[in-house]
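The sequence and the coordinates are shown first, and the description follows.

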Amino acid sequence: MALTPRFPAFLHGGDYNPDQWLKYPEVLEEDIRLMQAAKVNCVSVGIFAWAALEPVEGEYDFAWLDRVIDRLWAAGIRVDLATPSGARPAWIAQKYPEVLRVDEYFRRHHFGGRHNHCLTSPVYREKVRAIDTALAERYASHPAVILWHLSNEYSGDCRCPLCQEKFREYLRRRYGSLEALNEHWWTGFWSMKYTDWSQVESPSPIGQDANPAMWVDWRRFSTQQCKDFILMEKAAVHSVNPELPVTANLMQRFWDYDYFDLAEAIDVVSWDSYPLWGSGNDLVQASEHAMTHDLMRSLKGQNFLLMESTPSQVNWHAVNRMKKPGMHLLSSMLPLAHGADSVMYFQWRKGRGGSEMFHGAVVGHDGTADTRTFREVRSVGEALEKLAPLYATEKKQARVCILYDWQNLWALDYAQFARKGDMRYTETVNAHYRAFWQAGVSVDFRDCRACTDLSPYSLVIAPMLFMTHGGIEEKLNSFVRGGGTLVMTYCAGMIGEDGLAWQGRTPHGLTETLGIHALELDALFDGDANTLIRERDQWRLTRLCEVIEADTAQVLGRYGSDYYAGQPCLTVNACGAGKAYYLAAEPEEAFLHRFYGELIREMGIPKAIGSQLPDGVVAQERGGAVFLMNFAPSSGDVLLDHPCRDLLTDRTLSGKITMNPLEVLVLEKV
Amino acid sequence: MALTPRFPAFLHGGDYNPDQWLKYPEVLEEDIRLMQAAKVNCVSVGIFAWAALEPVEGEYDFAWLDRVIDRLWAAGIRVDLATPSGARPAWIAQKYPEVLRVDEYFRRHHFGGRHNHCLTSPVYREKVRAIDTALAERYASHPAVILWHLSNEYSGDCRCPLCQEKFREYLRRRYGSLEALNEHWWTGFWSMKYTDWSQVESPSPIGQDANPAMWVDWRRFSTQQCKDFILMEKAAVHSVNPELPVTANLMQRFWDYDYFDLAEAIDVVSWDSYPLWGSGNDLVQASEHAMTHDLMRSLKGQNFLLMESTPSQVNWHAVNRMKKPGMHLLSSMLPLAHGADSVMYFQWRKGRGGSEMFHGAVVGHDGTADTRTFREVRSVGEALEKLAPLYATEKKQARVCILYDWQNLWALDYAQFARKGDMRYTETVNAHYRAFWQAGVSVDFRDCRACTDLSPYSLVIAPMLFMTHGGIEEKLNSFVRGGGTLVMTYCAGMIGEDGLAWQGRTPHGLTETLGIHALELDALFDGDANTLIRERDQWRLTRLCEVIEADTAQVLGRYGSDYYAGQPCLTVNACGAGKAYYLAAEPEEAFLHRFYGELIREMGIPKAIGSQLPDGVVAQERGGAVFLMNFAPSSGDVLLDHPCRDLLTDRTLSGKITMNPLEVLVLEKV
Amino acid sequence: MALTPRFPAFLHGGDYNPDQWLKYPEVLEEDIRLMQAAKVNCVSVGIFAWAALEPVEGEYDFAWLDRVIDRLWAAGIRVDLATPSGARPAWIAQKYPEVLRVDEYFRRHHFGGRHNHCLTSPVYREKVRAIDTALAERYASHPAVILWHLSNEYSGDCRCPLCQEKFREYLRRRYGSLEALNEHWWTGFWSMKYTDWSQVESPSPIGQDANPAMWVDWRRFSTQQCKDFILMEKAAVHSVNPELPVTANLMQRFWDYDYFDLAEAIDVVSWDSYPLWGSGNDLVQASEHAMTHDLMRSLKGQNFLLMESTPSQVNWHAVNRMKKPGMHLLSSMLPLAHGADSVMYFQWRKGRGGSEMFHGAVVGHDGTADTRTFREVRSVGEALEKLAPLYATEKKQARVCILYDWQNLWALDYAQFARKGDMRYTETVNAHYRAFWQAGVSVDFRDCRACTDLSPYSLVIAPMLFMTHGGIEEKLNSFVRGGGTLVMTYCAGMIGEDGLAWQGRTPHGLTETLGIHALELDALFDGDANTLIRERDQWRLTRLCEVIEADTAQVLGRYGSDYYAGQPCLTVNACGAGKAYYLAAEPEEAFLHRFYGELIREMGIPKAIGSQLPDGVVAQERGGAVFLMNFAPSSGDVLLDHPCRDLLTDRTLSGKITMNPLEVLVLEKV
């Protein structure tokens with residue numbers, strides 16, 4: 001279920017909280033006027049509005065919301081309508097303290113904050129279902145409402161007795177018997193064997209803290225518990241109009257839940273993107289968010305929404321810089337280039353109080369349109385109108401797929417070995433991703449479960465595939481035998497889905513395809529380094545160096561020093577119709593650019609721009625148009641293969657063009 | 001009520017704890033002898049003596065204290081008599097656990113430590129009142145006793161149910177209705193609206209943590225609760241002899257309570273000053289303590305007491321250096337120069353155990369007078385005798401007033417924006433202060449409420465006046481219109497007393513006077529910088545840069561780089577008979593010295609020494625004498641306008657004199 | 001009671017956990033085969049096996065252990081049999097929650113982890129006694145079993161009500177009366193006087209936190225409580241066969257208990273040594289572990305066992321490097337050189353799960369003997385066979401004794417003064433130790449209580465002897481008067497056993513012998529320094545500089561700067577037939593090497609190798625053989641006085657030989 005039929009244009013708007021301003025009716029009227037001036041066509045309403053919607057238990061007050069939605073509709077502005085479950089009213093916490101979360105120290109929290117309720121609590125679920133249903137009954141068929149915004153930034157977990165019982169139920173389903181649980185959690189270690197289900201409890205710093213398998217299962221359970229909650233909310237709002245799609249706004253570098261799994265519960269993926277512009281290297285910031293855009297697009301294999309971004313600055317970093325002039329347009333085009341169908345902000349108007357009163361907003365405390373921020377927001381609105389033909393178009397089909405797997409992320413974070421707690425899985429995936437992104441190559445992401453069909457891809461990269469599960473070994477083997485090119489790295493295939501170490505040679509199930517097996521995993525202290533020597537090149541290696549033995553693989557590069565000097569560090573193995581590379585150590589990024597640059601060239605993987613891009617300028621193709629973006633602090637020249645029209649300015653360009661800092665072009669061939 | 005009538009000389013002495021030595025009668029006798037040898041004329045007795053005074057509930061033992069006070073009196077030594085409420089005996093904690101504090105995690109603490117009782121607890125108050133009254137009945141008319149020392153270093157807060165109820169009562173009084181509370185705390189944000197008073201609770205990391213307005217109100221409430229406790233103690237000791245003044249020893253960089261408010265409850269301000277001499281830059285240390293001296297003097301607009309200082313070293317820093325020879329005299333003269341009427345120490349004699357057994361003392365574990373510390377203490381005693389004519393004289397009336405406002409301090413610390421949690425309000429005020437202090441100019445401090453009369457001042461400086469309250473806008477406007485010169489900086493007038501952001505242009509209520517309004521507040525990362533360009537000068541800017549628009553103001557300086565290069569950074573506006581400067585960014589300190597140096601010259605603000613002082617040498621005038629102090633590690637020359645007599649050495653000096661490192665002179669014109 | 005009669009060869013083996021593999025009978029069989037291949041002759045069995053041994057309360061299952069021990073015995077492998085009290089089964093925690101520890105915040109912990117049970121709990125003691133007795137009844141006379149391994153790495157403490165009561169009992173025994181307790185804890189300070197025993201509670205961050213004497217007593221109590229628990233376990237296993245010796249594996253840099261005291265409860269000392277090889281300076285790592293080897297040997301004045309070490313890498317450091325080739329042999333010879341009679345590993349085989357699944361092991365997850373680690377382990381097995389004549393021989397009698405005193409360690413850590421919490425007692429002792437170790441000189445350790453007989457020594461060193469107790473003053477005075485040479489340093493003799501500061505001149509009781517007394521203790525900030533000037537040498541001083549006065553002592557060196565420039569920093573005093581040095585400040589290490597080098601030469605203290613050793617090469621003599629070890633990353637030449645045979649390679653060497661990096665020789669005169 002996608003958004004397209006409901007609204008045929010890029011969404012432009014943001015979080016709108018009229019419930020904070022009910023006593024200021026003049027502000028509400030002014031908002032409509034300013035939204036039109038800013039070319040806003042959609043706002044997210046009702047996030048955190050529970051106390052306004054149900055001021056007394058069971059007594060709903062929809063009058064203000066009726067008025068707001070009707071006024072918006074009259075002004076041509078659509079509504080992304082939220083369920084209010086992201087924060088609960090004081091009365092529910094007071095009457096039913098069990099809705100409050102219990103933390104890892106088994107402390108029941110007090111009323112306050114948000115995203116901190118127990119997702120298991122029957123009373124909480126019942127209260128949420130009731131108000132969700134009431135909202136649906138009233139608004140699910142309102143023409144202004146085009147999307148359900150379930151709750152807000154689902155996150156965290158609870159350790160209350162009810163959650164403990166659900167955890168045990170989850171484990172019972174997963175493992176079948178206590179004996180199997182004991183085996184998979186390897187409870188023979190430290191005499192941890194359970195003899196009764198009631199002994200099993202969530203991990204805790206003041207209880208069972210050191211079993212990585214248990215921790216990973218706790219994360220899986222937390223994912224399921226949240227997914228189940230989402231499905232409950234979805235069922236409530238769909239009980240009236242099952243055609244109205246639901247989204248939930250996800251987050252960057254999110255760790256608590258497996259998003260590939262969670263995304264199954266929603267119709268449309270949306271997320272909140274807050275790069276730290278100006279913090280040192282905007283290109284690195286952009287690459288991390290570009291990767292997340294591609295990841296979010298990959299979750300369901302369809303376009304996504306940018307649900308939140310700041311029009312100016314945030315308020316929750318240690319240092320909150322303003323976006324420089326031009327950055328707002330550039331940073332709003334980046335998600336579009338990767339498949340977003342919206343540019344939405346947190347927040348429309350700065351509140352007068354609360355923790356986010358100074359978070360950037362389209363309308364500030366001055367209340368006027370006469371600000372740089374407002375003007376830049378309107379410019380983005382104008383740009384979105386110019387790019388209308390690109391709405392709902394797809395990103396160019398990728399031939400490259402990178403594995404990013406939440407269960408592997410958790411497993412690496414919880415495992416105690418090598419560089420303990422500092423394995424940097426996401427950073428490593430980003431380093432591999434960046435080599436393609438900076439070359440203008442499209443990339444998809446898959447996790448171990450979801451990569452059922454690798455046939456669209458020529459090249460699959462699996463960095464640090466520590467935990468192999470979901471039959472990923474055979475999927476990769478088949479892919480290579482069928483002609484694909486695979487790249488894997490150190491720490492591969494060491495444990496299985498249950499967290500138990502694979503016995504025998506590793507990478508488990510992949511040694512034949514790779515033609516190598518691992519011997520030792522050396523971890524380097526900060527400041528220590530080794531070298532990858534490949535023909536006449538030398539590349540710096542740090543942090544993690546695996547000692548491997550080449551069985552059938554050809555050695556492409558060797559270690560330059562330490563006791564494994566001369567031993568293989570980079571190999572390739574022919575296998576069936578394909579080939580498989582293995583990179584045994586963590587290289588400097590320049591190596592990845594070189595290495596993947598060669599693969600791109602050899603394999604003829606298409607790039608958005610054929611010529612070499614200057615450092616900092618990136619290109620992505622979507623809907624036949626090429627987004628050309630300069631994240632460098634300096635200008636750079638790009639050689640166009642053929643004359644193009646820039647959709648944003650309607651200029652025609654050809655030959656060598658100069659990209660100014662923060663400049664963005666959206667080019668179509670003419 | 002001041003001290004003067006009771007004791008006509010500078011107090012010299014310190015905390016004296018004979019209750020620790022009751023089993024060592026020979027030590028008590030020796031103490032008297034040593035006090036006389038050290039020229040000690042006053043000691044603080046009974047701080048933390050509750051267990052000795054009331055060993056069993058309701059049974060007082062005053063015999064030892066009778067003996068101590070009589071012996072002191074016989075030896076000519078006065079007594080600053082403490083109420084013992086700074087720490088409670090074990091029996092009270094055991095029998096009435098509600099006297100123990102509940103922390104921000106809602107944990108009731110166990111017996112131990114000090115300054116950690118519930119100030120609300122009726123039983124605690126009753127026990128304190130009873131012993132205070134008993135002490136007053138016995139000693140309030142003793143000729144030796146010249147001052148009440150209420151408790152010790154009041155601080156902190158409690159979150160027990162009784163305090164929660166008091167907090168709600170406070171809020172009810174403050175806001176009148178729950179609806180008003182909801183409005184002022186902006187509880188529409190995150191659905192935090194209260195529907196019953198019983199839902200309101202103190203802020204907590206495991207409860208309501210993110211509402212800045214609530215936090216500031218919690219601090220205000222804590223101030224009131226402590227003030228109320230002080231008034232209770234004061235009433236108890238005044239029930240017998242209302243003529244005996246009371247003090248409470250305050251602290252440096254104290255954050256928990258609003259000292260301007262608290263000081264209303266006491267007769268005489270005293271405080272505990274512990275510069276970190278030798279930690280790098282003694283001049284900076286001295287400037288921070290000089291500022292606090294002036295702040296303490298300003299609290300009640302009268303002389304204050306230095307209640308604690310160390311004669312040698314402290315024991316609670318990470319690194320506890322000894323004072324170098326000469327530093328003890330110099331550091332004892334600094335408070336005098338700023339209006340202190342005493343030099344008192346913590347502590348007279350090192351205890352044999354306890355956490356402060358190694359804290360510096362006049363008498364060490366060796367028990368003799370034959371130590372450098374003892375000799376330097378005696379020298380200070382001699383110096384105080386020589387300076388007797390200056391006792392109770394006033395510091396030269398200041399023409400410069402700086403605003404330092406506790407509520408603003410809290411508001412900036414709790415606000416989430418810009419450089420979050422790192423706004424450095426006190427440091428910034430100190431940077432402005434230092435420019436005057438190093439120039440030898442007298443400075444007073446006021447807060448927003450207390451600056452009712454600005455007429456004595458020619459120049460008022462309000463650094464980072466984020467929260468405007470108490471009608472400060474109109475006070476400043478009037479001041480300028482009436483001919484005063486005002487200097488304000490970035491972050492001004494953004495929120496009101498209730499914590500709500502001002503709507504419309506900022507600095508709220510001051511844009512006409514200043515002739516500017518603020519547009520954007522940019523926060524710079526560490527390492528980033530901008531430049532203030534003023535005529536041919538360039539000054540480095542860091543951390544916070546506000547983008548402003550000059551309306552009627554004249555632009556004196558502009559930004560040198562970034563997207564706001566060329567925009568105004570320093571302005572001045574003529575308004576009525578006065579003028580108002582606005583500094584939009586945080587400059588290097590050298591700029592403040594230059595800028596204020598020019599203002600001092602232009603405005604003819606008097607300096608203690610007319611000629612230029614070498615770096616590290618400072619001068620302050622009090623009672624007609626000029627204290628000239630060298631905090632630099634090197635010598636420096638000072639040119640005297642006229643011949644002077646040094647009261648400390650009785651030498652006559654004139655022309656160019658050389659100040660050695662750590663040298664201090666107290667000069668009177670001859 | 002020593003091991004020798006039971007097994008006449010160096011033990012080689014490690015922790016073996018067949019209880020984790022009961023479902024994999026093929027693994028158990030393979031283990032025996034691999035142990036023989038690795039020349040393993042002893043394994044530690046049953047550590048953490050409680051859940052396997054007593055799966056249901058009161059129902060023991062010894063069948064699997066019977067089989068394991070019989071199979072091992074049949075294969076010629078001895079057993080170090082563990083009591084399982086290091087971790088408890090889930091059922092005991094569930095049924096008797098009082099076995100779980102209560103932490104310093106008075107939180108009862110939940111089930112999980114290890115070493116975290118209440119050592120006071122009667123039910124825990126009863127359950128441990130029962131299973132220990134049952135184990136003893138079954139195995140104490142089994143020919144394979146040569147040693148009892150009591151529990152595992154005893155550590156920590158509990159604050160439950162039962163422990164509180166035991167703490168009060170301990171204090172009652174120690175002090176006799178509450179009045180005496182009040183006096184020794186100096187509770188006159190801060191009104192902390194106890195009027196009833198029931199008011200006394202363990203120190204806590206949320207209770208009584210700041211009394212150093214109380215903290216030290218808590219550590220003493222914890223030591224006693226653990227010792228009592230050990231004696232209980234020992235009695236249980238000795239109830240059947242009192243001839244079987246018991247050990248407990250101790251740890252490096254252990255702080256919780258006084259090991260000199262604890263060691264009285266066991267027959268044989270063993271410990272777990274995990275140097276951080278490759279982290280920067282292997283020589284420093286080696287020196288710290290060499291010191292601990294000597295300390296462990298000194299605990300009972302007899303040879304010890306290396307109970308745990310890693311054959312490859314650990315998994316619990318932040319960075320876990322592999323041992324380089326050769327390091328395993330070298331690092332296994334180091335303990336032997338210092339008196340170890342074993343080389344044992346944690347662990348024999350990597351588990352498939354649990355927190356230590358990636359900790360280094362003889363057998364990895366590949367399950368084969370075909371790894372570098374396995375081959376190096378076998379090499380160590382071969383080396384141990386070659387060194388058989390050295391088994392149970394003693395280290396050469398030391399003429400140097402260094403005081404290392406746990407109570408002093410605690411006192412310095414808890415005291416609040418100088419460089420608070422950063423006094424670095426152990427590091428300082430190690431710096432003094434290293435000067436001898438690198439010179440090839442044997443060193444013994446004693447604590448204040450245990451140094452009853454100093455007559456074997458010519459030179460006694462007492463670094464930072466802050467707390468003097470056990471009559472140490474008179475022991476040292478007698479030692480010097482009798483002709484010994486004593487070296488003491490700053491911070492000496494400041495407090496007594498009860499934590500009370502000594503009154504009068506310090507170092508308490510030693511001023512006559514030393515001929516000096518202390519005046520002031522200055523603490524330097526990081527980056528600050530002073531200089532020790534001795535004749536023409538200058539040495540850098542940092543951190544701690546004591547100002548002293550020489551009474552009868554001769555001044556050998558003086559301070560170079562600051563206000564104590566020219567005052568004595570290094571002195572020597574003739575006293576009776578001996579002399580006593582005093583070093584008043586913390587010098588750079590090179591000074592200690594020079595200073596002690598001179599003393600060694602003057603006093604004719606024997607060295608393992610007469611000639612100068614190159615940097616990084618160390619030599620220790622044991623059983624007539626000299627272990628020559630190179631911990632430097634480069635080669636170094638050693639001049640042999642006479643021809644020698646290397647026991648490891650059977651080569652004969654003479655004259656100048658070159659030691660390669662990581663090379664080790666075990667030389668006997670030929």
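## Helix packing in chain A

Angles from 65 to 115 degrees between two axes count as roughly perpendicular. The structure described here is a predicted model. In chain A, the axes of helix 10 and helix 14 (residues 425–437) cross at roughly 95 degrees and come within 10 Å. Helix 10 of chain A and helix 14 of chain A are therefore roughly perpendicular to each other.

On the side of helix 10 of chain A, the residues that meet helix 14 of chain A are Ser287(A), Glu288(A), Ala290(A) and Met291(A). Their partners in helix 14 of chain A are Asn430(A), Tyr433(A), Arg434(A) and Trp437(A). By class, this contact between helix 10 and helix 14 of chain A has four nonpolar, two polar and two charged residues.

## Domains of chain A

Three domains are assigned in chain A: domain 1 (11–157 + 246–389), domain 2 (400–603) and domain 3 (617–669). Taken over C-alpha atoms, the centres of domain 1 and domain 3 of chain A are separated by 31 Å. Domain 1 of chain A gives 17 residues to the contact between these two domains, and domain 3 of chain A gives eleven residues.

On the side of domain 1 of chain A that touches domain 3 of chain A, the elements giving two or more residues are helix 10 (282–300), helix 11 (327–337) and helix 12 (372–386) of chain A. Helix 11 of chain A provides the largest share of that side, seven residues. The side of domain 1 of chain A that touches domain 3 of chain A is made up of eleven nonpolar, three polar and three charged residues.

## Helix packing in chain C

In chain C, helix 5 (residues 122–139) and helix 8 (residues 212–238) have axes that come within 7 Å and cross at roughly 30 degrees. Angles under 35 degrees count as roughly parallel, and helix 5 of chain C and helix 8 of chain C are therefore roughly parallel to each other. The crossing of helix 5 of chain C past helix 8 of chain C is right-handed.

Helix 5 of chain C contributes Arg125(C), Val128(C), Arg129(C), Asp132(C), Thr133(C) and Ala136(C) to this contact. These residues meet Met232(C), Glu233(C), Ala236(C) and Val237(C) in helix 8 of chain C. The contact of helix 5 with helix 8 of chain C has, by class, five nonpolar, one polar and four charged residues.

## Relation between the chains

Chain B is superposed on chain A by a rotation of 120 degrees with 0.0 Å of shift along its axis, and the RMSD is 0.0 Å. That is the relation of a three-fold axis. Within chain B, the C-alpha of Arg107(B) is the nearest to the axis, 6.3 Å from it.

A rotation of 120 degrees with 0.0 Å of shift along its axis also superposes chain B on chain C, with an RMSD of 0.0 Å.

## The two sides of chain B

Towards chain A, 42 residues of chain B are in contact with 48 residues of chain A. Helix 8 (212–238) and strand 13 (516–523) of chain B each supply at least two residues of this side of chain B. Strand 13 of chain B provides the largest share, four residues. The side of chain B that touches chain A has 20 nonpolar, twelve polar and ten charged residues.

Towards chain C, 48 residues of chain B are in contact with 42 residues of chain C. Here the elements of chain B that give two or more residues are helix 2 (50–53) and helix 4 (90–95). By class, the side of chain B that touches chain C has 20 nonpolar, 17 polar and eleven charged residues.

## Backbone features in loops of chain A

A cis peptide bond, with omega of about 15 degrees, joins Phe346(A) and Gln347(A). Gln347(A) is in the loop between strand 8 (342–345) and helix 12 of chain A. The peptide bond from Thr506(A) to Pro507(A) is also cis, with omega near 5 degrees. Pro507(A) lies in the loop between strand 12 (485–489) and helix 16 (511–514) of chain A.

Glu535(A), a residue other than glycine, has a positive phi, near 50 degrees. Glu535(A) is placed in the loop between strand 14 (530–534) and strand 15 (537–550) of chain A.

Conventions:
Residues numbered from 1 in each chain as written. Chains lettered and ligands numbered in written order. Predicted model: local features only at pLDDT ≥ 70, side-chain atom pairs only at ≥ 80, totals over all residues. Least-squares fit on C-alpha atoms with pLDDT ≥ 70 in both. Contact = placed C-beta atoms within 7 Å. Nonpolar A, V, L, I, M, F, W, Y, C, P; charged D, E, K, R; others polar. Domains from an automatic or database assignment. Axes fitted to C-alpha atoms, helices over the stretch in contact; angles between N-to-C directions. Parallel < 35°, antiparallel > 145°, perpendicular 65-115°, else oblique. Left-handed = near helix turned anticlockwise from the far one by under 90°.
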